[in-house]
Amino acid sequence: MNRTHWIVLLALLLTSCSETPADYYQGYLELDSVDVAAPQAGQVQALLARRGEAIQAGQRLLQLDDTRELAAQAEAAARVAAAEARWQDLQQGRRPPERQVIQAQLAQARTQASQSEAESRRRQELIAQGLLPREQADAAMARARADQQRVSELRAQLAVADLPGRSDQIDALAAEVESARAALVQADWQLSQRQLLSPVDGWVREHWFEVGEWLPAGQPALSLLPAGRFEVRFFVPVDVAGRLQPGERVQLSGLALPSPLAATINHIAAEPEFAPPLIFSRDRNERLLFQIRARIDTAAEQRLSPGLPVEVRLP
């Protein structure tokens, strides 16, 4: 080996000895957005949350025209009320005014029966005295019997008036009531689908429809960024990945962050991969790296932007 070869080898050794482990690793923030779509088509009636606005779970985001659904709900509610009224009426028997009519007819029939009975007795006495033919007495007795039967008939009608409807009629109306209630539940659900509610806390990333535009069924109308789900993705060399464990804490900093943030490692890749183009390094030239993910603490989370570059410092 000549002198030149020794000089090159010495330079390489000195260079390798001067390398120091990196004090940070570059990464970027990521967040899976939530797209909210309408299950039904319709014209946008109101846009209640625009891009950049903070939202809460359950908050209304968009309202579709619901004229038809409101009419269907009112119709279903009226059918329920009518069916329940018929069901209640059948269980209660006749109304008080109807009973009063039967009672008045019964009182009149009793008076008539009493008069017919008295007339029949008088004619029987005249027949015994030989002053009246037998035929007239028989006619008076027939009228008395008919009037008494009328009294019995009205008594039976009054007793029936106090009875509810037959069991099969009541069961049929009860089934009709349940069917009407089910139709009302469906109408309420159809009406509820005319508005989009936020499934998460966070803020609006983007909306793609304005008031007056037609929103097709299943078409995403808004994209939401949920709070509390930000992660940082960064890459470390093999020797560093071997000493990291899920649950360990890391610190994030960067020019776009107003203050450092804390995050907890929740994923370590099982296999290495080549560094993606988004990752740059001033001090390292490793090509095969392990991907690490860490969830940003909710308590320290700020309104961040996906794709924001950060510097990750390990414990």
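View 1. Glu 69 is buried, with a relative accessible area of 7% (buried means under 20% relative accessible area, exposed over 50%, and partly exposed in between, using a 1.4 Å probe and protein chains only). Because Arg 194 lies in the loop between helix 5 (167–192) and strand 6 (195–197), while Glu 69 belongs to helix 2 (residues 67–92), the pair ties together parts that are 125 residues apart in sequence. Helices (H or I, at least four residues) and strands (E, at least two) are DSSP runs, numbered from the N terminus.

A quick note before the next views: this is a predicted model, in which local features need pLDDT of at least 70 and side-chain atom pairs count only at pLDDT 80 or more, while totals for chains, interfaces and linings use all residues. Residues are numbered from 1 along each chain as its sequence is written, and side-chain values use heavy atoms, with hydrogens and water left out.

**View 2. Glu 30 meets Arg 233.** Here the side chains of Glu 30 and Arg 233 form a salt bridge, at 3.1 Å from N to O. Glu 30 sits in strand 1 (residues 25–30) and Arg 233 in strand 10 (residues 231–236), so the contact ties together parts that are 203 residues apart in sequence. Glu 30 counts as buried at 18% relative accessibility, and Arg 233 is buried at 16%.

**View 3. Arg 249 paired with Asp 297.** The closest N and O atoms of this salt bridge are 2.7 Å apart. Arg 249 lies in strand 11 (residues 249–253) and Asp 297 in the loop between strand 14 (288–296) and strand 15 (309–313), so the pair ties together parts that are 48 residues apart in sequence. Arg 249 is partly exposed, with a relative accessible area of 43%, whereas Asp 297 is buried at 19%.

**View 4. Surroundings of Gly 202.** Gly 202 is placed in strand 7 (residues 202–207) and is buried, with a relative accessible area of 7%. Leaving aside residues up to four places away in sequence, Gly 202 touches Glu 53, Ala 54, Ile 55, Leu 225, Pro 226 and Ala 227, where contact means heavy atoms within 4.5 Å. Gly 52 is 150 residues from Gly 202 in sequence, with a C-alpha to C-alpha distance of 9.7 Å.

How values were computed: A salt bridge is a side-chain nitrogen of Lys or Arg within 4 Å of a carboxyl oxygen of Asp or Glu.
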